[in-house]
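Student: I would like to go through this structure by question and answer, with the cut-offs stated as we go.

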Amino acid sequence: MRKKIVAGNWKMNNDLSETEILLRELKNKIIPDAVSVMVAPTFVNLQTAVQLLEGTEIGVAAQNMYFEEKGAFTGEVSMSMLKGIGVDTVILGHSERRSIFGETNTIIAKKVQAAVNNEMTVIFCFGEELKDRQSGSHFEVVKEQLDTGVFTLFEPAWKNVILAYEPVWAIGTGVTASPEQAQEMHGFIRKAIAERYTNELAENVSILYGGSVKPNNAKEIFNQPDVDGGLIGGAALNADDFMAIVNAF
Ligand code: PGA
């Protein structure tokens, strides 16, 4: 049975004291057994997050990493640096990394490969832009992102892969995909995995939806048969909102 997952992508929000406040609030909440919950604060606060959440059911993920192990890569962070502080999950391919920081499918593929080779869990993000949906090429765009980003992986590596479908037009905009649109794309993604690999693998991959998930729309999105949870941006910055989403299954 695939896992239900809710992950909070804090993006470039929350300084040290704000991070501590939010984590202390989250620590006091009860996490349902059936849901795996994690938060992704900024790099500089990851170690604090790991320490503060020790002994809780809440995991900590990084928002990015570089694919090389070490060396002259000014400003970058390696897998061993993350693992060294107890972080073994990383978000890769987020649309903001793609559009603002110029990460291509090829760069993201290298990061994904490096991460799974090092037994890190990857939350692989992908999704079409508004123009793609308007022109009807959204399935093609998503398939291309999957082909280059994760369909090159050998089957065993998939035990460390979580997918996050995030239509770019829904991220931070307040416009969410309808439950039907989410299900249609998640069903397409699961079928593509089954065609590339096996039905069994496809059935076991958690596919999260991301893009303006809020307490008032999480339930109907999470109720869709191929939606296994969410990657949450804005609403993850408020403990009550985030926990309402965690409890929306
Ligand atoms: P949002 O962000 O929930 O604020 O739309 C989602 C994301 O970027 O992962």
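Student: In which strand does Thr 89 lie?

Tutor: The model is predicted, so local features need pLDDT of at least 70 and side-chain atom pairs count only at pLDDT 80 or more, while totals for chains, interfaces and linings use all residues. Residues are numbered from 1 along each chain as its sequence is written, and side-chain values use heavy atoms, with hydrogens and water left out. Helices (H or I, at least four residues) and strands (E, at least two) are DSSP runs, numbered from the N terminus. On that numbering, Thr 89 lies in strand β4.

Student: Is Thr 89 buried or exposed?

Tutor: Buried means under 20% relative accessible area, exposed over 50%, and partly exposed in between (1.4 Å probe, protein chains only). The relative accessibility of Thr 89 is 8%. Because 8% falls under the cut-off, Thr 89 counts as buried.

Student: Which residues of β4 are buried on each side?

Tutor: Both faces of β4 are covered. Val 90 and Leu 92 are buried on one side, and on the other the buried residues are Thr 89 and Ile 91.

Student: Which residues is Thr 89 in contact with, leaving aside its neighbours within four places in sequence?

Tutor: Contact means heavy atoms within 4.5 Å. With those neighbours left aside, Thr 89 is in contact with Met 38, Val 60, Ala 61, Ala 62, Met 120, Thr 121 and Ile 123.

Student: What is the strand order of the open sheet?

Tutor: Two strands pair if DSSP finds at least two bridges between them. The open sheet has 8 strands with parallel pairing. Its order is β3-β2-β1-β8-β7-β6-β5-β4.

Student: Why is one side of β3 and of β4 left without a neighbour in the sheet?

Tutor: β3 (58-60) and β4 (89-92) each have a single partner strand, so one side of each has no neighbour in the sheet. The twist averages 25 degrees from one strand to the next. The reason asked for is that β3 and β4 stand at the edges.

Student: In β5, which residue is the bridge partner of Val 90?

Tutor: β4 and β5 run parallel and are joined by 4 bridges. In β5, the partner of Val 90 is Val 122.

Student: How many bridges join β1 to β2?

Tutor: β1 is mostly covered, with 5 of its 6 residues buried. Gly 8 has Val 39 in β2 as its bridge partner. The two strands run parallel, and the number of bridges joining β1 to β2 is 6.

Student: What angle does the direction of helix α8 make with that of β7?

Tutor: Strand β7 (residues 207-210) is joined by 2 bridges to the parallel strand β8 (residues 229-232), and Gly 210 stands opposite Leu 231 in β8. Helix α8 (residues 179-196) packs on the sheet, touching β5 (121-126), β6 (161-165) and β7. Axes are lines fitted to C-alpha atoms, for helices over the stretch in contact, and angles run from 0 to 180 degrees between N-to-C directions. For α8 and β7 the angle is about 150 degrees.

Student: How much space lies in the largest pocket?

Tutor: On a 1 Å grid over the protein atoms alone, a pocket is an open set of points where a 1.4 Å probe fits, with protein on both sides within 12 Å along at least five of seven lines; lining residues have an atom within 4 Å of a point. Grid points are joined across faces, edges and corners, and a volume is the space filled by probe spheres set on the points. The space in the largest pocket is about 510 Å³.

Student: Which residues are the closest to the centre of the largest pocket?

Tutor: The largest pocket is lined by 27 residues. Those closest to its centre are Lys 3, Ser 36, Met 38, Thr 89 and Thr 121.

Student: Where is Lys 11?

Tutor: Lys 11 is among the residues closest to the centre of the second largest pocket, and about 390 Å³ of space lies in that pocket. Lys 11 has a positive phi of about 55 degrees although it is not a glycine. Its place is in the loop between β1 (4-9) and α1 (16-27).

Student: Is Glu 96 buried or partly exposed?

Tutor: Glu 96 lies in helix α4 (residues 95-99). With a relative accessible area of 25%, Glu 96 is partly exposed.
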